[in-house]
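Me: I should like to learn how to read a structural model feature by feature. Could we begin with a single residue and then widen the view?

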Amino acid sequence: MLWVGAAVLSLKLGSVSIEWLELWALLVNPQSVSGHGDLGAVVWSLRVPRLLLGALAGGGLAVAGAVWQGVLRNPLADPYLIGASAGAAVGGALALLFGIGAGVSWALPLQAFLGSLASVAVVYRLASEPARPLSVERLLLAGVAVSSFLSAGLSAAMVLRSESYTQLYLWLVGSLAGRGWEHLTLAAPYVLAAGLVLMAYLPRLNLMQLGQETAQSLGLDMRRDPGVVIALASLLTAALVAVCGMIGFVGLVIPHIARLLVGPDLRRLVPVAAVLGAVLLNIADLAARTLWAPMELPVGVLTALLGAPFFLFLLARRPL
């Protein structure tokens with residue numbers, strides 16, 4: 001019900017406010033769009049795909065964050081920990097700065113998606129050791145090293161092609177502005193498929209939180225299972241970063257709120273985090289495009305402004 005309320009407000013409010021009865025008519029009977037002038041296009045071409053993509057991004061990042069915190073047994077883990085964001089940034093930068101696929105709406109998301117997956121694959125390969133369980137410490141160190149290298153390369157590219165700096169910056173901070181059905185259909189298959197498989201892995205993830213030795217004694221393959229979970233969470237993150245940019249703090253803060261509500265059992269925590277993430281990002285996006293109208297604030301800036309102090313508040317009240 002909480003998400004339904006946020007969704008209705010997101011569809012009604014904006015630079016053009018829609019009357020309740022007219023909104024109801026458009027939602028119940030999409031075929032009546034032509035009879036409502038430009039309002040039909042506003043709802044079905046702009047607001048509905050943006051709403052759904054926001055819910056998908058918020059829920060997906062929250063799930064990825066909960067999974068990362070579980071498998072790495074680190075409460076500060078988030079979806080961008082091992083290079084997914086840096087790889088997506090470099091992939092997107094190549095598309096923006098050098099005009100790869102110019103004029104094609106899906107070129108930037110595709111380049112960012114491929115860059116993110118390539119970065120995560122390199123990090124995982126560097127962290128892997130033959131015939132030994134995956135080392136969390138090696139994974140984190142490899143992620144920091146690869147992310148730093150890619151970030152340096154991105155900074156150099158931005159200096160060399162400064163005319164595209166503003167466009168790239170707006171994408172890097174995370175935004176749902178201008179996103180439509182093509183962006184939703186590009187990300188949704190990967191996010192939903194990875195999310196459903198992760199849900200099936202939740203009982204095993206609960207065991208991983210007990211530590212490598214305990215989990216292995218209970219039947220987990222610690223050379224395979226953590227790698228599968230990390231790959232799925234990275235795929236989910238890469239797809240979302242590719243179409244929305246890097247929206248921060250959702251994957252870090254939301255799992256902690258869900259943990260306070262339902263406890264540490266991931267079988268309950270992850271679904272609750274998905275719903276809370278969807279609600280949070282839809283509300284944040286609504287605020288970002290209405291509070292400063294006609295100017296629109298990137299939603300990633302707003303989530304950082306709200307998320308960082310709230311996370312510090314949680315940390316002060318309940319040490320992690």
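Me: Where is Gly174 found?

Reply: Gly174 belongs to the loop between H7 and helix H8 (181–200).

Me: Is Gly174 buried or exposed?

Reply: The criterion is relative accessible area, and buried means under 20%. Gly174 has a value of 0%, so it is buried.

Me: Which helix holds Ala88, and which residues is Ala88 in contact with beyond its neighbours within four places in sequence?

Reply: Ala88 has its place in helix H4 (residues 84–97). With those neighbours left aside, its contacts are Ala112, Gly115, Ser116, Trp171 and Val241. Ala88 has a relative accessible area of 0% and is therefore buried. Its C-alpha atom and that of Ala118, 30 residues apart along the chain, are separated by 9.0 Å.

Me: How does H4 pack with helix H6?

Reply: For a helix pair, one reads the angle, the distance between axes and the handedness in turn. H4 and helix H6 (residues 136–160) pack at about 20°, with their axes 9 Å apart. Angles under 35 degrees count as roughly parallel, so H4 is roughly parallel to H6. The contact is formed by Ala86, Gly87, Ala89, Val90, Ala93 and Leu97 on the H4 side, and by Ser147, Leu150, Ser151, Leu154, Ala157 and Met158 on the H6 side. H4 passes H6 in a left-handed crossing.

Me: At what angle do the axes of H13 and helix H14 cross?

Reply: The axes of H13 and helix H14 (residues 299–317) cross at roughly 115° and come within 9 Å. Angles of 65 to 115 degrees count as roughly perpendicular, and H13 and H14 are therefore roughly perpendicular to each other. In this pair H13 passes H14 in a right-handed crossing. H13 contributes Leu281, Ala284, Asp285, Ala287 and Ala288 to the contact, while H14 contributes Val299, Leu302 and Thr303.

Me: How many residues has the largest nonpolar core, and which have the most contacts inside it?

Reply: That core has 81 residues, and Trp68 and Leu168 have the most contacts inside it. Its largest share, twelve residues, comes from helix H11 (residues 225–244). Another core, of nine residues, lies apart from it and includes Ala7, Ile18, Leu39 and Leu51. As for Leu168, residues up to four places away in sequence not counted, it touches Ala93, Leu96, Leu97, Leu154 and Met158.

Me: Where is confidence lowest and where is it highest?

Reply: Where pLDDT is low, the predicted coordinates should not be read in detail. The protein chain has a mean pLDDT of 82, with 89% of its residues at 70 or more. Confidence is lowest in helix H7 (residues 165–172), at a mean of 69, and highest in helix H13 (residues 266–290), at 94.

Note on methods: Residues numbered from 1 in each chain as written. Predicted model: local features only at pLDDT ≥ 70, side-chain atom pairs only at ≥ 80, totals over all residues. Heavy atoms only, no water. Core = buried A, V, L, I, M, F, W, Y, C linked by side-chain atoms within 4.5 Å. Buried < 20%, exposed > 50% of the residue type's maximum accessible area, 1.4 Å probe, protein only. Helix = DSSP H or I, 4+ residues; strand = E, 2+ residues; numbered from the N terminus. Contact = heavy atoms within 4.5 Å. pLDDT = per-residue confidence, 0-100. Axes fitted to C-alpha atoms, helices over the stretch in contact; angles between N-to-C directions. Parallel < 35°, antiparallel > 145°, perpendicular 65-115°, else oblique. Left-handed = near helix turned anticlockwise from the far one by under 90°.
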